Amino acid sequence: MMEFLRDFQRMSMYLAYNVNVDAIVYLNEKHIESLIKEFGVENIKRRIEEYPREINDPLDFVARLIHALKTGKPQAVPLVAHEADKWFNSRFTYDVERIGGQVGVIANLLANLNFNRVIAYSPLLGKKQADMFVNRDNLLYPAIEKEKVVLKKPLESYREGDPVKINRIFEFRQGTKFKLGNEEIIVPYSGRFIVACRFEEFARIETSPELKPHLPEIGEIVDGVILSGYQGIRKHYSDGKDANYYLRKAKEDIKLLKRKKDVKVHVEFASIQDRELRKKVIYNIFPLVDSVGMDEAEIAHILSVLGYRDLSDRIFTYNRIEDAVLGAKILLDELNLEILQIHTIYYLMYITHRDNPLSEEELSKSLEVGTTLAATRAFLGDIKRPEDVKVGLNIPFNEKGEFVKLRFEEAKAKMRTREYKIVMIPTRLVKKPVSTVGLGDTISAGAFASYLSLLRKNGVY
């Protein structure tokens, strides 16, 4: 692990597009009981059955929150109504406010790990967001001055009039108990419920016209690119533009970044509720990139739109490793990826083709970096310096690790895997995490960076 940290000091990354403020509430029984009393048991149960896919009013939020608590699975649901947005500010006192969005989380992580250079881009950069980036010389924002790219600290680059996107995050703890009428609910796992702000002004995933022509030179000076935020794209916009317009722009960005050098591009995929939009993002973006990171629920969502409904349903219903492996094989081949990285609560998995230059042992080491960084973040709440990672190295692998490894070997034995390299490692699991926000992003960023480091060490990148 420490060897990778030394390698990181010689590496540079470009990140785009989504940065926001995370306003975090640590949920307890009183919060939940108060919401149930306010909205009524029967109203909540009816709305849970309707399963709202976006939040238009506070009851939508309460219903989806209770559903998340019952399953113990992390969820993110888009908030689309400004009135509901105001209700959150009047109803909750936030325990923590910090930088969020995949770009925000990953930028601060990589900068604190002493990467040579981290270039973080967001189409909107208000002062509050700029303030939340770590103030380090290696974390930079690409500004344009006299038609040239100038890399400056975010605090020197913010725009006074830019709006600030706020996502509300409700962290819940395993073992929390509450009653919904006569039903007693015990939260089975620690996790979080994200109310993801999806207002139109934050849904324009694009590079500014001034910066766009300079993307080839940015691609040339970095070792890797991590893109995220496509989950924010809308079907239609008030100015007549649509999802197709922004996806065309996003595809142009990837091609420009790769124009001067075939830089490796990783996409961190996040849940897209709308099936049609999900399909558009998958078919437009994935074939242009090298690596994608996701969790098992996102595998199921993607398989569903690719036409594998039965397999998708099995993953949702049974959560078996053999179904995840089969689904990963399908995604790798159908979407023409170099490597697919899957993160779940109990295991991490890579799948790539047999001709990948890294050995299975090296791929496992790369995943080790991801889970160690995530365990460190879960235990400490943040990673502020490379030495913090020693904490993660002392956190044990989860208690289901041996069972997971056994099931994985059984799954590989049952299906045809000779054309692939598939590796799985158990996660290091913190029993009582300080926070679970950003753990998937931390895993993916650490795994992708270490994957690039190993390719460089082998002289193939």
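Modeller: The questions below go from the whole protein to single residues.

Modeller: This is a predicted model, in which local features need pLDDT of at least 70 and side-chain atom pairs count only at pLDDT 80 or more, while totals for chains, interfaces and linings use all residues. Residues are numbered from 1 along each chain as its sequence is written, and side-chain values use heavy atoms, with hydrogens and water left out.

Biologist: How do you know that the radius of gyration agrees with a compact globule?

Modeller: The radius is taken over C-alpha atoms, and the globule rule is 2.2 Å times the number of residues to the power 0.38. For 461 residues a compact globule would have a value near 23 Å; the protein has 21 Å, so the two agree. The C-alpha atoms fill a box of roughly 65 × 55 × 45 Å along the principal axes.

Biologist: What makes a residue buried or exposed?

Modeller: Buried means under 20% relative accessible area, exposed over 50%, and partly exposed in between, with a 1.4 Å probe and protein chains only. By that rule, 58% of the 461 residues count as buried.

Biologist: Why is K146 called exposed?

Modeller: K146 has a relative accessible area of 82%, and therefore counts as exposed. K146 is in the loop between strand 6 (139-145) and strand 7 (148-152); helices (H or I, at least four residues) and strands (E, at least two) are DSSP runs, numbered from the N terminus.

Biologist: And why is N114 called partly exposed?

Modeller: The relative accessibility of N114 is 27%, so N114 counts as partly exposed. N114 lies in the loop between helix 6 (101-112) and strand 5 (117-121).

Biologist: What is the phi of N114, and what is that of K146?

Modeller: Phi is positive at N114, about 70 degrees, and positive at K146, about 55 degrees. Most residues other than glycine have a negative phi, and most peptide bonds are trans. A cis peptide bond joins A16 and Y17, with omega about 25 degrees.

Biologist: What makes a set of residues a nonpolar core?

Modeller: The members are buried Ala, Val, Leu, Ile, Met, Phe, Trp, Tyr and Cys residues joined through side-chain atoms within 4.5 Å. The largest such core has 113 residues, of which Y14, Y230, I285, F286 and L340 touch the most other members. Helix 17 (residues 439-457) gives the most to this core, with nine residues. A second, separate core of 37 residues includes I36, Y94, V187 and C197.
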